[in-house]
Amino acid sequence: MRIFVAGSSGQLARALKARGAAHGHLVETFGRPVLDLAVPDSAAALIEGFAPDLILNAAAYTAVDRAESEADLAMAINRDGAAQLAAGARKLDLPFLHVSTDYVFDGEKGSPYVEADATHPLGVYGHTKLEGERQVLAENPDALIFRTGWVYGADGSNFVRTMIRLAGERENLDIVADRYGNPTFAADLADGLLTIAGKARGASGGVFHLAGNAEASWFDLAAGVMAQLSAARRKVPALGKISGDAYVAPAARPRDSRLDCTRAEQVFGVRLPGWPQSLGVAVDAILDSDRSAA
């Protein structure tokens, strides 16, 4: 398949391009300045020129805290930009995959969320992503929407990379221990979406959850990173536990945004590995990348 991916610099877009050939697909990524989803009708000519078999939206405004002061821009990208891609796919009769987030939930359920659970985003970012889901389905009822969370990879800014950096700078490190989710390796998510891409035509549209098949707190994930660094004979700090209430930021985060991904497995046969299986690969890739950049 020829797959048009909206987004080029993000973790998922890079992973999709890197993993495309392994799935027998030609994946091309389109991001700024060539494609700016904040600009209405910016995608049509690019899509026509590439002539894809499927469109996948991996582009988003993801600066959770900055979104609180840039709500209009976040909405333009996460809702309006996603909607124009969905409409373009419907016009051309192409399958459309859209990536959303666990931040559409408030985290108060106390158990993993299923797709039918009530949404209640706490901040602007989650609100704009939820509006994006709604508008995508309004424009294209056959669209497939995949909520994920806690994405980390070898590229870009993410929690795992931050922990590796801080491990080299700090003797002690306090980590939030009472916030829970499904850490998701970007390469695993890309593999899952590319597998689904081959099954997307004719599938019933709607919302699915697709995230790593193991839960964790931020402290659990940090401890996992430190164990990998220690095995690589790297310096590691002493970790302490703190409450998320002690972490002050402009945007509120859900306390427990774990996702139940059973439906995606039942419909598409896709189950992503959990972070204990993937974290070592990610840490090794980040260390290799840092050595190459040095």
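Is threonine 184 buried or exposed? I looked this up first. Threonine 184 is buried, because its relative accessible area is 0%; buried means under 20%, exposed over 50%, and partly exposed in between, with a 1.4 Å probe and protein chains only.

Notes on the model. I am working from a predicted model, where local features need pLDDT of at least 70, side-chain atom pairs count only at pLDDT 80 or more, and totals for chains, interfaces and linings use all residues. Residues are numbered from 1 along each chain as its sequence is written, and side-chain values use heavy atoms, with hydrogens and water left out.

Threonine 184, continued. I found threonine 184 in strand β9 (residues 184-185). Strands are DSSP runs of E with at least two residues, helices are runs of H or I with at least four, and both are numbered from the N terminus. I then listed its contacts, meaning heavy atoms within 4.5 Å. Leaving out residues up to four places away in sequence, threonine 184 touches Thr148, Gly149, Trp150, Val151, Tyr152, Leu189, Ala211, Gly212 and Leu272.

Threonine 101. This residue lies in strand β4 (residues 96-101). Threonine 101 is buried, since its relative accessible area is 4%. Its side chain makes a polar contact of 3.1 Å with that of aspartate 102. For that term I used a pair of N or O atoms within 3.5 Å; within protein, one must be able to donate a hydrogen and the other to accept it, and residues adjacent in sequence count only if both atoms are side-chain atoms. Neighbours within four places aside, threonine 101 contacts Tyr125, Lys129, Arg147 and Thr148.

Arginine 14. I placed arginine 14 in helix α1 (residues 11-19). Its relative accessibility is 37%, so arginine 14 counts as partly exposed. Beyond its neighbours within four places in sequence, arginine 14 is in contact with Ser8, Ser9, Asp155 and Gly156. Isoleucine 3 is eleven residues from arginine 14 in sequence and 13 Å away in space, C-alpha to C-alpha.

Helix α7. I checked the length of α7 (residues 218-231). The expected span is 1.5 Å times one less than the number of residues. The 14 residues of α7 should therefore span 20 Å, and the end C-alpha atoms are 20 Å apart, which agrees. Buried residues in α7 are Phe219, Leu221, Ala222, Gly224, Val225, Met226 and Leu229. Just after α7, arginine 233 takes a positive phi of about 60 degrees.
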